[in-house]
Amino acid sequence: MEENEIINGLTEAVVNGKKDQAAELSQKSLDEGVDPYIAVINGLAKGMEIMSEKYENKQAFMPHLLMASNAMYAGMDVLIPHIKTEGSGARKVLVIGAVEGDVHDIGKNLVKTMMSAVGFEAIDLGKDVPVEQFVEAAAQNKADVMSISTLMTSTMDNMQRVMDGLNSKGIRNNMKVIVGGAPITADFATEIGADATKTDAMEAARWAKEAVESLSPGRWD
Amino acid sequence: MDEYTPKKRLALALRGESVDRMPAISVTQTGTVEQMEACGAFWPEANEDAEKMATLAEAGHTVVGFEAVRVPFDITAEAEFFGCEIKAGTKEQQPSVVGHVIKSIEDIEKLKDYDLSEGRIGVVCDAIRILAGKYGDELPIMGSMLGPFSLAQHMNGDDWFMAIMTDEKFAFALMELTTEFNIAYAKKMVDNGADTMVIIDPTASAMLIGDEFYQKFVVPAHKRIVDTMHELNVATVLHICGDTTPSLALMESSDVDAISVDQNVDVATALSKVDSAVIIGNLDPVSVLWKKTPEQIREVSKDLLAAGAGLLGPGCGIVSKTPNANLQAMIEMAKGHTY
Ligand SMILES: [Zn+2]
């Protein structure tokens with residue numbers, strides 16, 4: 001199988017939500033010597049990006065998106081262990097969590113998926129994450145980006161506390177911080193000193209990819 | 001003599017019939033900290049004890065001035081009833097569903113026998129009975145429940161969104177369970193004195209699942225609930241979060257009397273999308289009702305009324321920290337509006 005064929009096949013497997021196919025083709029790409037980083041970015045992630053655009057344009061919906069993301073992760077499970085962890089191919093680190101969660105933390109999962117799709121290694125803290133845990137995880141994993149979300153207005157204060165925690169530990173400027181969730185406005189993001197808030201997952205991922213470029217490489221040393 | 005009791009006024013207004021003026025109500029949750037402090041019934045106890053639930057619901061009328069009483073204050077009693085793990089709420093925060101109980105069609109079978117007098121389902125019905133005993137002649141007694149699609153999602157987790165696409169047999173079976181439950185629960189609320197039924201089905205959004213799945217799974221379920229309520233002469237309101245503009249016609253096809261729209265919906269546009277459903281809404285519960293001043297709230301209300309809102313109200317559940325004065329500004333604007 002040609003490299004192109006494999007890459008396109010990976011994209012298609014994600015678009016069609018074919019989990020097994022994505023995993024098989026990923027293995028095949030390794031067997032054929034395709035650079036796993038290329039297979040993820042040009043193959044799997046591209047499929048996810050196509051689906052995300054379809055979702056924004058109301059041509060695809062949550063069922064299709066979740067099927068696609070399952071397929072993407074199935075492929076990534078095979079490929080990621082083979083990606084070199086240093087140099088230009090090194091993955092940027094995302095620490096993501098919800099200060100409060102309910103059924104709608106599907107939004108958070110989508111952000112995680114799209115961030116993974118653009119090349120982040122996601123450290124998912126889950127939902128109902130205590131303030132201190134965000135701060136600790138950021139320091140421990142040398143985060144490049146932190147994403148904090150909430151769905152409940154009553155827990156918006158906790159976002160401020162995470163920001164305060166990062167500040168008092170002196171690591172706030174080591175990473176970019178994006179906040180999100182139904183009650184979050186741009187004004188609120190500015191007020192608490194976050195770098196951005198975006199209304200959809202793909203936009204958030206695009207923003208994050210670009211934003212990390214301005215971080216200095218040695219800042220965690 | 002006032003020809004219209006608040007009860008009669010709302011009953012007529014929800015059906016689009018003529019009344020002397022707009023009723024001042026909220027179809028979404030009404031509990032706030034200021035009311036808790038005024039009446040002595042606090043969350044989380046007021047979510048679990050019928051007397052306290054009724055007391056806090058009553059405060060919406062006696063303390064704030066809503067022309068109705070409404071229970072409960074959260075949307076987790078239904079999932080809890082079926083055994084989903086719940087994260088407890090606090091004084092300021094509603095409980096939330098964190099665990100799921102259904103993975104397969106066999107799991108559904110196991111949950112088919114239930115007793116509606118149990119759990120918080122029973123508590124809500126008891127609270128309704130208390131409220132109806134005290135205010136039933138005068139005020140609308142509003143019961144609210146999580147809708148069948150969102151309940152299915154609570155029970156099955158995020159896999160639910162894929163199940164509706166990949167496993168129709170399972171999806172229809174689970175919808176059957178939740179819809180039957182909703183019908184029985186709504187009837188029980190009505191037996192206890194509820195005269196208005198609010199269906200809150202946040203994840204049943206066509207924006208999330210698309211028109212095709214909405215039509216297939218959601219509309220028939222809502223229609224069965226609505227038909228049952230109509231047989232009992234109970235008006236129905238449907239609330240779905242998010243920008244529901246493109247799917248309002250589909251939502252209305254379940255024959256609900258009124259649709260409560262989120263702050264992301266433009267009221268005038270919404271009106272152009274429905275045939276006869278009353279559009280309720282849609283002050284932003286956070287950036288307007290909670291954060292703005294009464295004066296600003298009056299301004300926003302004025303615009304919504306001018307746009308044709310059939311009932312002025314919050315776009316989603318009222319935030320627990322919302323000041324009374326802010327709610328009263330909205331109430332005053334509703335009361336001052338003639339159709
Ligand atoms: Zn809502």
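**Close-up 1. Where α6(A) meets α7(A).** A:V131, A:F134, A:V135 and A:A138 of α6(A) touch A:N158, A:R161, A:V162, A:G165 and A:L166 of α7(A), contact meaning heavy atoms within 4.5 Å. Sorted by type, the residues of this contact are six nonpolar, two polar and one charged (nonpolar: Ala, Val, Leu, Ile, Met, Phe, Trp, Tyr, Cys and Pro; charged: Asp, Glu, Lys and Arg; polar: the others, Gly among them). This is a predicted model, where local features need pLDDT of at least 70, side-chain atom pairs count only at pLDDT 80 or more, and totals for chains, interfaces and linings use all residues. Residues are numbered from 1 along each chain as written, chains are lettered from A, and side-chain values use heavy atoms, without hydrogens and water.

**Close-up 2. How the two helices cross.** The axes of α6(A) and α7(A) come within 9 Å and cross at roughly 40 degrees (lines fitted to C-alpha atoms, for helices over the stretch in contact, with angles from 0 to 180 degrees between N-to-C directions). That makes the pair oblique, the label for whatever is left once under 35 (roughly parallel), over 145 (roughly antiparallel) and 65 to 115 degrees (roughly perpendicular) are taken out.

Close-up 3. Four strands line up as β2-β1-β3-β4 in chain A, paired parallel; pairing takes at least two DSSP bridges, and DSSP runs define strands (E, at least two residues) and helices (H or I, at least four). β2 (120-126) and β4 (176-180) of chain A are the edges, each with a single partner strand, so one side of each has no neighbour in the sheet. Helix α6 (residues 131-141) of chain A lies across β1, β2 and β3, at about 170 degrees to β1(A).
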